[in-house]
Amino acid sequence: MLCVAALLSLFLSIHLSVSGSLLFPYVAAFATSFALICLESRRLSTGFVIAAFLLLTATVAFFALSIPYAVDPSRRLLSLAQLYVALITNYGLFLGLSSLHSRTISRLFLSVAVFMLIVATLEVYFGLRPFVDAVRSVIHREYYDDTTRDLALYGAVRPSVFASEPSLVGIFWGLSLCGWLLADVDRFGIRRLVVASLLTASAVFVIRSPTIFYAVTICVIGLIVDRLRRSPNPGVRLIKSVSLLACFIVVIASTSLLMHAADEFGGLIENIVKGDSFYSRQIGPYRLASSMADTSPFFGFGLGGDAEMTPYAMDAFSPVIENMIAGIDAADVDSVRGMGLNFREGKASHLLTNSFWQFWISFGILGGAIVVAIMAFALAELGVSEIGFVLLGATLMGQTMGAVVIAPAWTPLFVIAALTVGWAHASRATKAS
């Protein structure tokens, strides 16, 4: 029940606000996850405490190093505190999910996926939208309601299923698909393949989110990794490691490869790549990361370093800004008014709808590598064996959402990690039998 409550709170983005001001983001998810941490406190190992201490030390050191050139130190401190809240929230969710039986987790996520799909269908095609919007107006101070953009980009109005924006439906439905198929990998067969194909096709038609394809990719890679890791042959396990590394390279290089393909071949690829929607999600963040590598390669612009990155962000997103000013393809921009407001207020990080690149933009090459190494050590202490696959899954899902310091940005990493814990248990059970 607590796991379901935590997932629901993350999906609905339930915050604590006072007099219209945000006081504690994702407060319901944090409270629920904290209860899970208390219930699973016996699993707190010395190694994990060391990893947590190392992460705390590293992030505080990064913060201290940024102070001499920080325009707004208080914003940086707030971002650091939000990062800790996000990590604690997802740590509790991980403990709760990984304590359940693999079959229970699989059924839980299947139930979530089916429920979301039913509500989405009712909302879009059977007149439930007014009720959904009425509930959304109570839960959220602001919520997405741009039907014109939906019709222009997706050919239909996207469902929200009570969330603040439709993109969250695609993200959490994709995670639910991963949870169903990867939590109980031993039961995957023709029957599940058929059912998964039907569910995915229905979700693509109703939810209309590209995130679903990222989730399908994670499922396919995960099923392959599970088969390869079972082999006693060291050569097969080496193939698994090399394949994961190759996938990382492809994902990281995909933006530059697509840009090259657009220039070389034109046609549909050029239309997609040069569209403002793709540019703002992939190319803009990629170009800003390149600027970071040139100007602040070691520790990046820092958490909350919006003012420092704003000049580079304006250059990185210049084609989108020019189209916005000229009124070209205005419906293809996430939020014209929001983008202009963010630039005026120096909130450049709000433009980044790619948490993978934003992670490296915020921490830099050296700082990011340190954080990744500490996180990998922490996951190992928590019993996660397929850390490479977990990081790859988080990298893929990171292409579909923004932010680094909010809880949902870390949810894919911890959920996928929790799913793979059961793999090690299943392997031990198989060997024992």
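In this predicted model, helix 5 (residues 102-125) and helix 8 pack against each other, their axes coming within 7 Å and crossing at roughly 150°. The crossing of helix 5 past helix 8 is left-handed. From helix 5, the residues that take part are Ser102, Ile105, Ser106, Phe109, Leu110, Val112, Ala113, Met116 and Leu117, and they meet Val169, Phe172, Trp173, Leu175, Ser176, Gly179, Trp180 and Ala183 of helix 8. Sorted by class, this contact holds 13 nonpolar and four polar residues, with no charged residues.

The protein chain contains 19 helices and two strands. Of its 433 residues, 50% count as buried.

Two packed helices are described by the angle between their axes and the distance between the axes. For helix 3 (residues 46-66) and helix 17 (residues 355-381), the axes come within 8 Å and cross at roughly 165°. Because angles over 145 degrees count as roughly antiparallel, helix 3 is roughly antiparallel to helix 17. The crossing of these two helices is left-handed. On the helix 3 side, the contact is made by Gly47, Phe48, Ile50, Ala51, Leu54, Leu55, Ala58, Thr59 and Phe62, while helix 17 supplies Phe363, Gly367, Ile370, Val371, Ile374, Met375, Phe377, Ala378 and Glu381. The residues of this contact comprise 14 nonpolar, three polar and one charged.

Ala378 belongs to helix 17 and counts as buried, with a relative accessibility of 11%. When neighbours within four places in sequence are left aside, Ala378 is in contact with Phe48 and Ala51. Ala378 and Val49 are separated by 329 residues in sequence, yet their C-alpha atoms are 8.5 Å apart in space.

The other pair is made of helix 10 (residues 211-229) and helix 11 (residues 234-265), whose axes come within 8 Å and cross at roughly 155°. Helix 10 and helix 11 are therefore roughly antiparallel to each other, and their crossing is left-handed. Ile221, Val225, Leu228 and Arg229 form the helix 10 side of the contact, and Val236, Arg237, Lys240, Leu244 and Cys247 form the helix 11 side. This contact has six nonpolar residues, no polar residues and three charged residues.

Gly305 is located in the loop between helix 13 (276-295) and helix 14 (306-316), and with 0% relative accessibility it counts as buried. In sequence, Gly305 lies 232 residues from Pro73, while the C-alpha to C-alpha distance between the two is 8.7 Å.

Most residues other than glycine have a negative phi. Phe162, although not a glycine, has a positive phi of about 75°. Phe162 sits in the loop between helix 7 (147-154) and helix 8 (166-183), where it is buried, with a relative accessible area of 19%. Ala403 likewise is a residue other than glycine with a positive phi, near 85°. The loop between helix 18 (387-398) and helix 19 (407-432) holds Ala403, and this residue is buried at a relative accessible area of 18%. Both values fall under the 20% limit that defines a buried residue.

Definitions and conventions
Residues numbered from 1 in each chain as written. Predicted model: local features only at pLDDT ≥ 70, side-chain atom pairs only at ≥ 80, totals over all residues. Heavy atoms only, no water. Axes fitted to C-alpha atoms, helices over the stretch in contact; angles between N-to-C directions. Helix = DSSP H or I, 4+ residues; strand = E, 2+ residues; numbered from the N terminus. Parallel < 35°, antiparallel > 145°, perpendicular 65-115°, else oblique. Left-handed = near helix turned anticlockwise from the far one by under 90°. Contact = heavy atoms within 4.5 Å. Nonpolar A, V, L, I, M, F, W, Y, C, P; charged D, E, K, R; others polar. Buried < 20%, exposed > 50% of the residue type's maximum accessible area, 1.4 Å probe, protein only.
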